[in-house]
Amino acid sequence: MRGNELNMASPGASKKSDVTAEHLAALNTGKAEARTLTEALVIDHPALLAAAVPDAPSELVFAAEAAQSLGILKRMTAIGQALHEHLGADHIHALTQHRSDTVRGWTCFAIAADSSHSVASLLDAVKPLADDHLFTVREWVWMAVRPRMAEELELSIHELTPWTGEPSANLRRFASESLRPRGVWAKHIAEFKSSPQFGEPLLEPLRSDPHRYVQDSVANWINDAAKDSPEWARAICERWNAESPTAATAYITKRALRSLK
């Protein structure tokens, strides 16, 4: 996991005041990646756009300037929408390979803004970003596509289920994280809050996943659901412990029930 290795070697800033002027300049010119959420939050998006897309049309520049005053998720969404509206698909695709994780994050929202995508083609388009080496991009991508997937929940579950068998832990984690009932910074999915069993096709294959990154996501999914359906949460964890008596399953189920007394 290159992103995890980077973060372990260079933990990055935990406070805005810890971001050095040199690193901030590198972030704003697209020459460095954000190692923490704090670093991602201090980026000057119009400056980064000028560096990443020096020939940006004025409409795109204005959109980035207006978005800078928004909260971070709305900012990323607005710039992604503007990229979709004012840049061609080839240009956006090229930006998915940009050195800056924030620029790659913009492209997640630009791809999601393309209403011509089916759920299947949308997931296909963002799959490389869902497997990005850096955690920030992996978070932006599920936030970008979650609203569309929630609109077509049954189909999205069907399309995501094969991802639970992917060799990459990043993609397996995306399968559970992207449709959490109460996802972080995301609108709740009412169907899962009332009927969490509909999400079991995404959870069952991961109940003994060997990677902690995936284990935490599965546990958090069940913990989300437990707030509205505690009986279901207890029942699925009890069954998993009986059917899959592994250390991984024990960790998941203990963490999944942490909010229940």
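Trainee: Which residues have the most contacts inside the largest nonpolar core?

Mentor: This is a predicted model: local features need pLDDT of at least 70, side-chain atom pairs count only at pLDDT 80 or more, and totals for chains, interfaces and linings use all residues. Numbering starts from 1 along each chain as its sequence is written, and side-chain values use heavy atoms, without hydrogens and water. A nonpolar core is a set of buried Ala, Val, Leu, Ile, Met, Phe, Trp, Tyr and Cys residues joined through side-chain atoms within 4.5 Å; buried means under 20% relative accessible area, exposed over 50%, partly exposed in between (1.4 Å probe, protein chains only). The largest such core has 70 residues, and those with the most contacts inside it are Leu83, Phe174, Leu179 and Ile222.

Trainee: Which helix gives the most to this core?

Mentor: Helices (H or I, at least four residues) and strands (E, at least two) are DSSP runs, numbered from the N terminus. The top contributor gives 8 residues and spans residues 135-151. That is helix H10.

Trainee: What does Phe174 touch, not counting residues up to four places away in sequence?

Mentor: Contact means heavy atoms within 4.5 Å. Phe174 is one of the buried residues of H12. Leaving out residues up to four places away, Phe174 touches Leu123, Ala130, Val141, Trp142, Val145, Met149, Leu160 and Trp163.

Trainee: How many of the 9 residues of H12 are buried?

Mentor: Take the residues by name: Ala169, Asn170, Leu171, Arg172, Arg173, Phe174, Ala175, Ser176 and Glu177 are buried. H12 is therefore largely enclosed by the rest of the structure. The count is 9 of the 9.

Trainee: Which helices do the buried residues of H12 pack against?

Mentor: Arg173 is one of those buried residues, with a relative accessible area of 11%. The buried residues of H12 pack against helix H9 (119-130), H10, helix H11 (153-160), helix H14 (200-203) and helix H15 (212-226).

Trainee: Which residues are linked with Glu139 and Arg173 in a network of salt bridges?

Mentor: By the same cut-off, the count comes to 18 salt bridges. In the network, Glu139 and Arg173 are linked with Glu177, Arg180 and Asp224.

Trainee: In which helix do Arg239 and Glu243 both lie?

Mentor: Arg239 and Glu243 form a salt bridge (3.2 Å, N to O). They sit 4 residues apart, about one turn of the helix. An α-helix has 3.6 residues a turn, so residues three or four places apart point the same way. The helix spans residues 230-243 and is H16.

Trainee: Which residues make the nonpolar surface patch of about 330 Å²?

Mentor: Patches are made of residues with over 30% relative accessible area and no salt bridge: like charges are joined within 9 Å, nonpolar side chains (Val, Leu, Ile, Met, Phe, Trp, Tyr) within 5 Å. Areas come from the Shrake-Rupley method with a 1.4 Å probe, and for residues only the protein chains shown count as cover. Leu37 has a relative accessible area of 40% and Trp185 has 41%. The patch is made by Leu37, Leu41, Val184 and Trp185.

Trainee: What is phi of Trp185 near?

Mentor: Trp185 is in the loop between helix H12 (169-177) and helix H13 (190-194). Most residues other than glycine have a negative phi. Trp185 has a positive value, near 60°.

Trainee: How many disulfides does the count come to?

Mentor: A disulfide is a pair of cysteine sulfur atoms within 2.5 Å. Cys108 is buried at 0% relative accessible area, and Cys237 is buried at 1%. The count of disulfides comes to 0.

Key: A salt bridge is a side-chain nitrogen of Lys or Arg within 4 Å of a carboxyl oxygen of Asp or Glu.
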